[in-house]
Amino acid sequence: MKKTAVVNVVGLSQRLLDERLPFLSQWAKNKSVAAIDTVLPAVTCSSQATYLTGKWPTEHGIVGNGWFFKDTQEVSLWKQSNKLVQAQSVWDNIREEKPEFTVANMFWWFNMYSTADYSVTPRPQYRANGLKIPDCYAWPSELRDRLQEELGTFPLFHFWGPKTTVKSSKWIAEASMKVHDWHNPDLMLVYLPHLDYVLQKYGHDDQFLAKDLLEIDKVCENLITHLEAKGVEVMVLSEYGITNVSRPVHVNRVLREMDLIAVREENGLELLDGGQSKAFAVSDHQIAHVYVQDKAVLPQVKERLAALPGVELVLDDEGKEKYNIAHERAGDLVLLADKDSWFTYYYWLDDAKAPDFARTVDIHKKPGYDPAEMFFDPEKSVVMLRAALKLLGKKLGFRTTMDLIGLDATLIKGSHGRNPESNLDKAIFIGGGEYEELISPIAVHDIIKSNCLKD
């Protein structure tokens, strides 16, 4: 078997592979470089599940970073149990031929309770006093303690939120090197998210992008050279490329104006009640799942949303089949944004009634993805001082809301999820061997498997 590592540099595309990434661009000259055709939706959970199972979302069931769970009648995003993936992973397929095959999963999603031998993933502690404490989950459990003893606590607040930096990707890379040295797995999956942040915040603006490209390039250099020195064959890929956007589209506000969304009011603020809504959307970057629980209004909803500026396609049952997303978890309708647009989850019509979590970093309470969590509210003065005082209050035992995030969706300048017009903006694959200029996302599974089984 050939020791193999798959390094997922989130947001990397061929458009970025130039002198701004000095190590990666030079390293790639001795490899084959291809674009990966787009998974719908081109978001983290769906793309990764497709790569690792060799199946489409229609089969593996990961229709986004989250969806409306019909048994609980609640929207949930960023669940971590691997049991949600309804297809077998590449390493289990390899084990049918090589039962002794081992794998380490370093921060790829659906990381928990899988059949991987070693796994590490973000998992903050939520204390009873309201504190969110940086931490991670690992299996075997002692791996978490050993890594954090050597590298320090996983820098959670640099992984997501307005304080995102390269520190989280650097920690993951260093942890991956240690796990490899300690356990020598046959396959190592490594997730490096740093580019995702700056590209969503600012798009392809070199004023902001140049520094971050150099930072992730150095992380990749240290990781790849370390692994290659150990005889590991390294592949680099991404889940999607990120393109510039200028228009947020508030699908739920349109459905609210159509009197199809139910809300309940608590303390003067509005909470989306998906279970009682006739129709509502779970927005996820440039895709939105629209769940129409009152089928009598389905034609009306389809017609209205098809005419909404920023919506390029509305997929019904036939369309979902065509785009490989016909699964019971998907919306009754699936919206795709045009190239300049993306979908917010906002459902309130008056910001004064926005729920308290709307102005916080809270990926589990919001009924949709919220990239605005990467910005401090520009309308709040001395925001860093406010943050420090609120954090101090929490540590002293006072309950307080970290309401430091704004509601201005126009701040977001980059997004993903749809199929970009150019291969230069699609996900990238870099590896040994010969490949077409454009490879299928389900072929990634076979590429990984065949490489691992090489003599």
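1. Let's start with a charge sitting on a ring: lysine 201 lies over the face of phenylalanine 375, at 5.2 Å from the ring centre. Bear in mind as you read on that this is a predicted model. A second case of the kind involves arginine 146, which lies over the face of tryptophan 182, with 3.6 Å to the ring centre.

2. The structure holds 21 aromatic pairs. Take phenylalanine 107 and phenylalanine 159: their centres are 6.3 Å apart and the planes are at 50 degrees, a tilted pair. Phenylalanine 107 sits in the loop between strand 5 (103-106) and strand 6 (118-122), while phenylalanine 159 sits in the loop between helix 5 (141-151) and helix 6 (167-183), so this contact ties together parts that are 52 residues apart in sequence. Phenylalanine 107 and phenylalanine 159 are both buried.

3. Tyrosine 345 and tyrosine 346 make another pair worth a look. Their ring centres lie 5.3 Å apart with the planes at 80 degrees, and planes over 60 degrees apart count as edge-to-face, so that is what this pair is. Again, both tyrosine 345 and tyrosine 346 are buried.

4. Phe107, Phe154, Phe159, Trp171 and Tyr191 are linked by ring pairs into a cluster. Of these, Trp171 is also one of the buried residues of helix 6.

5. With 17 residues, helix 6 spans 24 Å from first C-alpha to last, close to the 24 Å expected at 1.5 Å a residue. As a reminder, an α-helix has 3.6 residues a turn, so residues three or four places apart point the same way.

6. Last, the second largest pocket. About 520 Å³ of space lies in it. The second largest pocket has 21 lining residues, and those nearest its centre are Glu74, Arg264, Leu271, Leu272 and Lys365. Which strands supply at least two residues each to this lining? They are strand 4 (74-77), strand 14 (263-266) and strand 15 (269-272). By class, the lining of the second largest pocket counts nine nonpolar, six polar and six charged residues.

How values were computed. Residues are numbered from 1 along each chain as its sequence is written. This is a predicted model: local features need pLDDT of at least 70, side-chain atom pairs count only at pLDDT 80 or more; totals for chains, interfaces and linings use all residues. Side-chain values use heavy atoms; hydrogens and water are left out. On a 1 Å grid over the protein atoms alone, a cavity is a set of points where a 1.4 Å probe fits but cannot get out, and a pocket is an open set with protein on both sides within 12 Å along at least five of seven lines; lining residues have an atom within 4 Å of a point. Grid points are joined across faces, edges and corners, and a volume is the space filled by probe spheres set on the points. Helices (H or I, at least four residues) and strands (E, at least two) are DSSP runs, numbered from the N terminus. Ala, Val, Leu, Ile, Met, Phe, Trp, Tyr, Cys and Pro count as nonpolar, Asp, Glu, Lys and Arg as charged, and the others, Gly among them, as polar. Rings of Phe, Tyr and Trp (its six-membered ring) pair if their centres lie within 6.5 Å; planes under 30 degrees apart count as stacked, over 60 as edge-to-face and the rest as tilted. Buried means under 20% relative accessible area, exposed over 50%, partly exposed in between (1.4 Å probe, protein chains only). A charge sits over a ring if NZ of Lys or CZ of Arg is within 6 Å of the ring centre and within 35 degrees of the ring normal. The expected span of a helix is 1.5 Å times one less than its number of residues.
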